[in-house]
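Me: I would like to learn how to read a few features of a model. Can we take them in turn?

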Amino acid sequence: MGLEPITPPLQYSSVDEGFGTMITPEENNLLTQTGPRAPCGEMMRRYWQPVALSEELPKRSAPLKVRILGEELALFRDDQGRPGLIGLHCSHRGTDLSYGRVENGGLRCLYHGWLYDICGRVLEQPGLSACDHAQAGEPGGGANRQAIKHRAHPCQEAGGVIFTYMGPGDAPLLPNYEFLTVPEAQRSVTKAFYTCNYLQGNEGNIDPVHLSFLHQHLSEAQPPLERIVGGSGETDNTLLARDLAPTIEVELMDYGLRICTLRAAEAGKRYLRITNFILPNLSAFGGSTVGEGYAVHWHVPIDDQTHWKYIFMFNRKRAISEELRDKNRADISPDYRLMRNQVNRYQQDRASMATKSFTGMGFNFQAHDAFATESQGAVQDRTQENLVSSDKAIIAARKLIVNAIRDVQENRRPQHVMTDSGSNRFPHLMVISELIDDAVDWKEYVRQLAGKL
């Protein structure tokens, strides 16, 4: 098989095995199908997942009909402001609860008035007969009210996002990531709709070589807020274009993968970039705040052919400027759709490919990413791939996903499901973008930096 699992401890060279091979249709399905009862879907339900931005569900707002991991649900805030995620269809006769009334501690169905709290308990069944009320022993009750277990998933709110746990048993801890815990002024989050499977979206984040092509600006005068790389007088854009064939190494971490990319820079220097794949469906990389923070893309399946990309940015030292906030939301409509999309061919301007951008699709990376991943098809056919050595992070990440799926199938807790509050912190989740001396060992350099946090 092309996807033999990684068995820790990982020998770094082991992820190189299988280059040039293609995975089977069954393996592709295993990695991409996330609905109920699908092995990957069962695995993803063991982790907390974003279900909405907090701004989508302000207090006293209407409930939302949401679709996540192939399931349709109703998201609402009760009259205490607590988020709840419950089955979309009323347990009585199946009416859509997202139209319901938020009152009396829960969400009331418009058809017969059944009232549900955020835990799925039926609080009231007001349309019952006097005989039914007598059997229940309380007004508004029902003989079987306590026996009804309406679908409900616990929710937590952090970092401007509502998260849900859709798995069995007690929920694990929500990972205590920096980007979820800094003050509101020091973070920014939005989301964007993508018409492709979650996996190809996330694999774009852990592909270091594409940065030298897909996102290239051809004139340094064009892009706003271009970042100067630490230890250098040059921009990230310039350094990425200088070395098109970087050295790539991966290191197995408790949260997933640390990805190192080394490019030739000025004499005696190398351009070091550290990014991360975080199980099961997110990645951390530089962005506009690198050095004092980083960016995260969290790819959440709506179904197997569409997903939401949650786009985080944070700074651990200072407030995010309004200019950067605007940049984080640029070219995204009020309903979180990309202005440049498949329908308008990403507004490609081929004349601009000569002097402005490599793609002719403007300077917003979200549009570039959408083009690259959506054009692979709704679900990329990986049986037709011809992988090369620069794809080692993608191969390793796929193996970790397979490992997590097998852990669930064999009743083990998958990697990076947090249950111990003492270990629920991630100073070693490092993102770096700077020049280092040729003689510096990157692994030791990163460990020393992590030890200072």
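Predicted model: local features only at pLDDT ≥ 70, side-chain atom pairs only at ≥ 80, totals over all residues.

Me: Which order do the strands of the open sheet have, and which pairing?

Reply: Strands of a sheet pair through backbone hydrogen bonds, either parallel or antiparallel. Here the open sheet has 4 strands in the order 2-3-4-9, and the pairing is antiparallel. Strand 2 (64–68) and strand 9 (152–153) are at the edges with a single partner strand each, so one side of each has no neighbour in the sheet.

Me: Over how many bridges do strand 3 and strand 4 pair?

Reply: Strand 3 (residues 71–77) pairs with strand 4 (residues 83–87) over 5 bridges, in the antiparallel sense. F76 is found opposite G84 in strand 4.

Me: Is T32 buried or exposed?

Reply: Buried means under 20% relative accessible area. T32 has 3% relative accessibility, so T32 counts as buried. T32 belongs to helix 1 (residues 25–32).

Me: What does T32 touch, leaving out residues up to four places away in sequence?

Reply: With those left out, T32 touches N197, Y198, L199, D304, V379 and R382. Within helix 1, which spans residues 25–32, the side chain of T32 reaches the backbone oxygen of N28 at 2.7 Å.

Terms used. Residues numbered from 1 in each chain as written. Heavy atoms only, no water. Pairing = 2+ DSSP bridges. Helix = DSSP H or I, 4+ residues; strand = E, 2+ residues; numbered from the N terminus. Buried < 20%, exposed > 50% of the residue type's maximum accessible area, 1.4 Å probe, protein only. Contact = heavy atoms within 4.5 Å. Polar contact = N/O pair within 3.5 Å; in protein donor to acceptor, adjacent residues only side chain to side chain.
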